[in-house]
Amino acid sequence: MSSPRGIRFNWFIMGLFSVGITLSSLAVFGFTYHAAQSISREHQETDSTRDQALAQSVAQQLLGDFGTRLRSAAADHRIEKALLSGNLARTKQLLSDHAGSAVGTAFDLLVLDIADGDTSLKVGSAPELADPLLPREIRTGLLPDIWNLVAQTGDHGTDVLAVLSIPLKTVDDGTTTRAVLTGATSILEHANVAEMIAQKLGTDRVRVKLGDLTVSEIVPPTTQPNMEGPFPFAPEASPKAIDSVLIENPLGLPLTAEIFEPDLATLHLAAAYKEFLPPFTLTVLVACVIASAILHRLISPSLSYLIAYAHELRQGRANRSHQKSRFQEFNTLATLFSDAFEANQRTNAQFRDLIDGSLQGVFVHANKHILYVNNALLEMLGYESGNKKQLVGKPVTDLYAKEEHRQLNQVYKLRADGGTAPRIYEARAQRQDGSVVWLEQHVRMISWNGEEAFYATVLDITDRKRQEQQIALNANYDSVTGLPNRYLFLDRLKQAIGRAQSKHEKCTLLFLDVDRFKSINETLGHEAGDQLLANIAWRVQQILGPSESAARLGGDQIGVLLNTVKDSWDAEQKALGLLEAVSAARPGDVETNHLATASVGIAIGPADGDNPDLLLRHAEFAMFQAKLEGGNRCRFYSHERNDAATRAMKLEFALTSAIDQKKLKLHYQPIVDFESGQIISCEALLRWNDPEFGDITPSEFIPIAEETGLIVPLGDWVLQEACSFFKDCKKRGLDLQCISVNVSPRQCRDDGFVSRVAQVIAETRIAPSQLHLEITETVMMDDSSIDPAMVLDALRDIGVKLSLDDFGTGYSSLSYLKRLPIDILKIDSSFILDLEEDEEDQVLIRAIRSMAENLGITVICEGAETAPQCRILADLGCQLIQGYHIARPMPERDFIHFLTTNAMSIPPNARLH
């Protein structure tokens with residue numbers, strides 16, 4: 001056995017040790033660098049706080065003198081006396097004296113606003129700026145003793161005025177005079193604020209801003225230390241900007257200063273650590289090399305000796321005691337190797353005794369020859385027990401039947417090529433007398449006398465194989481008819497389709513289903529039904545050719561596979577033969593006149609299906625078409641009918657999802673009194689737009705909802721939505737008398753329909769008479785245990801109005817007028833379509849209108865699409881009209897707009913002039 005490849009232990013330990021020392025040293029180096037950076041940042045934050053305070057002191061110093069002078073002017077008693085005496089000229093002169101004082105910061109603007117009247121006294125170097133920059137309403141509304149800032153943009157750039165307001169109040173002999181003294185001075189014209197801050201802080205770059213607008217800046221040329229590259233543990237240092245609010249500004253944006261200080265500490269720190277990194281790294285590497293050499297010197301001799309000792313034990317040549325090592329673990333391993341060698345010698349002896357007495361067959365082979373067999377295998381193969389020489393030394397193939405030699409050679413070749421051979425497999429063995437037994441072998445690799453060999457455990461599974469064959473027979477054939485079952489038939493069908501595709505031929509599948517087989521079981525019993533199926537299966541097999549096969553697919557269904565049919569005519573003739581065979585079948589000895597019939601569906605592959613499941617499904621679909629047409633006939637599969645059925649099924653799933661997610665919408669079509677032009681009502685019509693199918697008409701999805709029962713929850717939703725919409729219209733003040741909602745026969749026969757209608761009316765708080773439910777004559781024709789007339793009477797009892805829709809298209813319309821509590825007749829649009837040319841339609845409409853009038857029933861004509869039709873209907877006495885000429889069904893928002901713009905009249909083009 002070759003030694004496995006891998007990493008040498010001592011090299012791995014030395015490498016791991018070196019990597020650990022290196023990473024640890026670099027980590028300590030990085031930690032110290034980041035700690036120094038943290039200390040530097042703390043110092044910078046302290047300096048930033050100090051610089052902000054100094055910058056603010058510059059602003060306070062700049063405005064301090066101005067504030068003192070303004071307060072001095074406000075406290076001047078001469079101004080107070082001049083105001084009380086009403087001497088405005090004297091007051092203005094005193095203000096000018098204060099404004100023109102040569103001491104301190106000059107006033108650019110000094111304004112005195114007198115509350116009594118609109119008098120404002122303006123003095124200073126720029127009194128004309130008072131109203132444009134500081135209108136009277138702003139000056140009198142400033143908070144007292146609070147600095148405000150106003151920006152002024154001129155030819156020389158932007159200037160900033162500092163504004164301070166002080167209220168004055170003088171009282172003399174009961175006379176009170178109120179005034180507001182407002183002063184403004186340019187803080188940039190009289191001083192360079194950025195330069196003052198720079199001198200105060202000892203920096204060379206300051207920017208003063210009003211919001212985002214720079215109003216003063218000092219940016220001298222700067223030099224910055226230039227490093228060859230950023231230090232790997234920190235980003236490159238750059239000047240930092242410190243923001244300081246100089247003056248808060250209630251009128252708008254504050255005055256701030258950006259103070260730029262180069263981050264020299266970070267740069268110097270990075271440069272120092274960068275210079276120190278190479279010698280530090282070199283020192284660490286040298287230490288790793290020295291430590292690894294010492295470690296290798298200690299481990300390598302002991303490890304090499306331990307490996308050599310293990311090889312000697314494996315070869316059975318360990319006659320010396322192992323050499324002691326400096327390491328306790330190596331000594332322990334040497335002792336364990338020695339103990340394991342002795343234990344292995346004892347185990348081998350016990351193993352041979354054990355397998356000799358085993359009840360299972362065992363043999364060992366190598367190089368395609370038998371090395372060992374036990375007594376159980378000799379007895380299993382009919383050899384003399386105890387005489388192992390009968391097989392030992394012979395080729396392994398002598399144990400097996402000739403049919404297995406090819407498989408054995410493939411297994412040997414696979415192992416020789418380095419592949420993975422099966423460890424458990426079944427094979428037929430050759431007994432000494434020539435008979436064959438089935439063996440199950442479990443094979444694994446072992447070491448036999450120091451060489452690689454195969455150890456095989458053998459079980460006699462002959463009885464089990466017989467049982468499996470019987471089970472396979474039962475699993476593939478039907479116990480009642482003796483025909484192949486569905487599983488076997490699908491396998492044959494798959495092969496037939498494959499042959500047809502490769503040879504460009506056809507394979508035909510007939511799907512036979514016995515008509516009314518359930519009634520045969522119920523009347524004659526299941527035993528008679530099984531006998532009938534067995535008789536049909538026998539007769540079907542009699543008419544099949546040698547290349548044709550039949551199978552029971554389940555229940556009363558039989559599949560027939562035809563491989564030699566040339567065209568559709570041949571397939572149809574074979575199907576008619578099957579129908580004739582079924583008609584002659586009888587359920588055993590049971591006396592009955594029952595004539596058995598069947599329906600047959602025909603699908604031709606691969607055109608109708610290129611896989612067994614698809615072809616079988618299409619043949620079954622064709623069979624269902626034959627049953628729908630009455631049975632006892634055959635039908636070919638049609639893609640058109642299948643596409644329609646598939647679309648209907650997809651629509652059913654999509655409709656279920658649309659109802660759950662409330663994706664259907666209601667549109668509303670108005671009903672008008674044509675003569676007066678008043679919109680009196682509307683009909684709620686259901687619309688559905690699906691992302692996959694697009695717009696789907698109600699004529700397509702309503703029948704699906706009826707058939708599946710989805711119409712009940714869908715109808716409840718429509719009723720709730722329509723009543724809620726009508727209530728919303730009334731809240732908007734729209735003059736709409738009622739709303740019509742269509743009701744299906746399936747809803748009418750639902751037990752809780754009347755109570756749900758009453759509940760919706762109560763929840764939406766509309767009058768019952770404002771809800772009109774439209775029904776069709778099919779309500780009376782519906783096969784139900786509930787009398788629809790009773791349901792309609794119950795609806796009338798709660799006050800709901802009932803409309804008979806599509807009147808004139810049924811078979812018993814007049815009798816329904818007598819039986820049903822109808823309030824409104826809606827004449828079907830088929831009578832309106834040719835109204836202009838067909839006088840008979842006019843006669844019928846006049847007769848219906850006259851009959852309804854005598855019965856006290858209101859008439860509505862629906863489907864009017866042209867102005868002449870509307871005029872003729874009005875002349876015939878039908879005033880209530882609904883149709884595209886008036887308006888098409890429209891969404892809720894559009895209908896509300898229609899009602900709003902046409903509250904008292906229909907569109908002009910709806911009339912004849």
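Author: Let us begin with pairing: two strands pair if DSSP finds at least two bridges between them. Helices (H or I, at least four residues) and strands (E, at least two) are themselves DSSP runs, numbered from the N terminus. The model is a predicted one, in which local features need pLDDT of at least 70 and side-chain atom pairs count only at pLDDT 80 or more, while totals for chains, interfaces and linings use all residues. Residues are numbered from 1 along each chain as its sequence is written, and side-chain values use heavy atoms, with hydrogens and water left out.

Reader: Which residue is the bridge partner of Gly361 in β14?

Author: Strands of a sheet pair through backbone hydrogen bonds, either parallel or antiparallel. Here, strand β10 (residues 361-366) is joined to strand β14 (residues 451-460) by 5 bridges in the antiparallel sense, and Gly361 is partnered there by Val458. With strand β11 (residues 369-373), β10 forms 4 bridges, again antiparallel, and Phe363 lies opposite Val373. In the hairpin of β10 and β11, 2 residues stand between the strands, and Asn367 has a positive phi near 55°.

Reader: Are the faces of β10 covered or uncovered?

Author: A residue is buried under 20% relative accessible area, exposed over 50%, and partly exposed in between, with a 1.4 Å probe and protein chains only. In β10, 6 of 6 residues are buried: Gly361, Phe363 and His365 on one side, with Val362, Val364 and Ala366 on the other. Strand β2 (residues 120-123) has a covered face with Leu121 and Val123, whereas Ser120 and Lys122 make up an uncovered one. Strand β1 (residues 109-114) runs antiparallel to β2 and is joined to it by 4 bridges; Asp113 faces Ser120 there.

Reader: In what order do the 5 strands of the open sheet lie?

Author: The order is β16-β17-β15-β18-β19, and the pairing is mixed. At the edges are β16 (549-554) and β19 (634-636), each of which pairs on one side only. From one strand to the next, the twist averages 20°. Axes are lines fitted to C-alpha atoms, for helices over the stretch in contact, and angles run from 0 to 180 degrees between N-to-C directions. Within this sheet, strand β15 (residues 507-514) and strand β18 (residues 598-605) are antiparallel over 8 bridges, with Phe511 bridged to Gly601.

Reader: At what angle do the axes of α13 and α14 cross?

Author: Angles under 35 degrees count as roughly parallel, over 145 as roughly antiparallel, 65 to 115 as roughly perpendicular and the rest as oblique. The axes of helix α13 (residues 517-524) and helix α14 (residues 526-542) cross at roughly 135° and come within 6 Å, so the two helices are oblique to each other. Contact means heavy atoms within 4.5 Å; Phe517, Ile520, Asn521 and Leu524 of α13 meet His526, Ala528, Gly529, Leu532 and Leu533 of α14.

Reader: What covers the buried residues of α12?

Author: The buried residues of α12 are Leu488, Phe489, Leu493, Ala496, Ile497 and Ala500. Their cover includes α11 (462-476), β15, β16, β17 (557-562) and α16 (612-628). Just after α12, His504 takes a positive phi of about 55°.

Reader: How many helices and strands does the chain have?

Author: The chain has 27 helices and 28 strands. Of its 913 residues, 43% are buried.
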